[in-house]
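Biologist: I have not looked at this one before. Can you put it up and take me through a few residues?

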Amino acid sequence: MSVPFKVDLKGKTAVVTGGGGVLCSAFSLALAECGANVAVLDLTLERAENTARLITESGGAALPLAADVLDRESLSAALEATLERFGTVDILLNGAGGNNAKAQTTKEYLMPEDLDSADETVKTFFDLDPSGVGFVFNLNFLGTLLPTQVFARELCKTKGCIINVSSMNAFRPLTKIPAYSAAKSAVSNFTQWLAVHFSKVGIRVNAIAPGFFVTDQNRSLLFGGDGKPTERAEKIISHTPMGRFGEPGELIGTLLFLCDSGASGFVNGTVIPVDGGFAAYSGV
């Protein structure tokens, strides 16, 4: 992978959750390119192995691990394997997250006629499934909290850093996905809380808030079967001043800046948008 600039991460170990996904695989490759050993954690071992293979084929060191960010035992086993292989943990990147259809409405606005509608294809706020809402909130928030509880003890020893993945949803809640927006807001708030809490043990905690990037999770929502942008995709683009979706590589500079204590040693508790100007645009 080609990184925009290099920082020296030789001898350091990075743990990346959600490492088989589009964005976090790019994060993993960039960290390895800068010399870090990378423990690639993903719910599906095959996805972790795919990322790890790309790293090793490029001459880096990677350890693919199946891990569930909502299962402490699974995470503890991943920590043990990481320490056995690499001996240390210096960077924790909490990238696992996602949404669920059970926690979404089908329409942007509740209309009067929806209140008494018998149309089962219309799901309003009143039809949201609490189990789906709970799943989304837990995956994003507890899926950040639990890995931090498991891995941060090692970071106390190395004076390492934590980088969480928030979202533009934390700044500007999107229509239809209230649970995901609320969960990412919690991640941003938690980032600030952790930065204060860990400040005396030398751990810096920051977050990246990506704008709109095409991933495996949202591809079908953004592009139809014919490959053309959906109405929702066109609305996103029209509210992004740069007029396009982001590319995964455009997150890497922010990631490396936050990982390098020489560049960001006094940066703590920040949530940095990488959004093409989306949050700055009022719509008029």
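Modeller: Start with Cys259, which is buried at 8% relative accessibility; buried means under 20% relative accessible area, exposed over 50% and partly exposed in between, with a 1.4 Å probe and protein chains only. This is a predicted model, where local features need pLDDT of at least 70, side-chain atom pairs count only at pLDDT 80 or more, and totals for chains, interfaces and linings use all residues. Residues are numbered from 1 along each chain as its sequence is written, and side-chain values use heavy atoms, with hydrogens and water left out.

Biologist: Changing topic, the backbone. What is the phi of Lys159?

Modeller: Positive, about 55°, although Lys159 is not a glycine. Lys159 sits in the loop between α4 (130–158) and β5 (161–165); helices (H or I, at least four residues) and strands (E, at least two) are DSSP runs, numbered from the N terminus.

Biologist: Is Lys159 buried or exposed?

Modeller: Exposed, with a relative accessible area of 54%.

Biologist: Where is Lys176?

Modeller: In the loop between β5 and α5 (178–197). Lys176 is not a glycine, yet has a positive phi of about 80°. Lys176 is partly exposed, at 27% relative accessible area.
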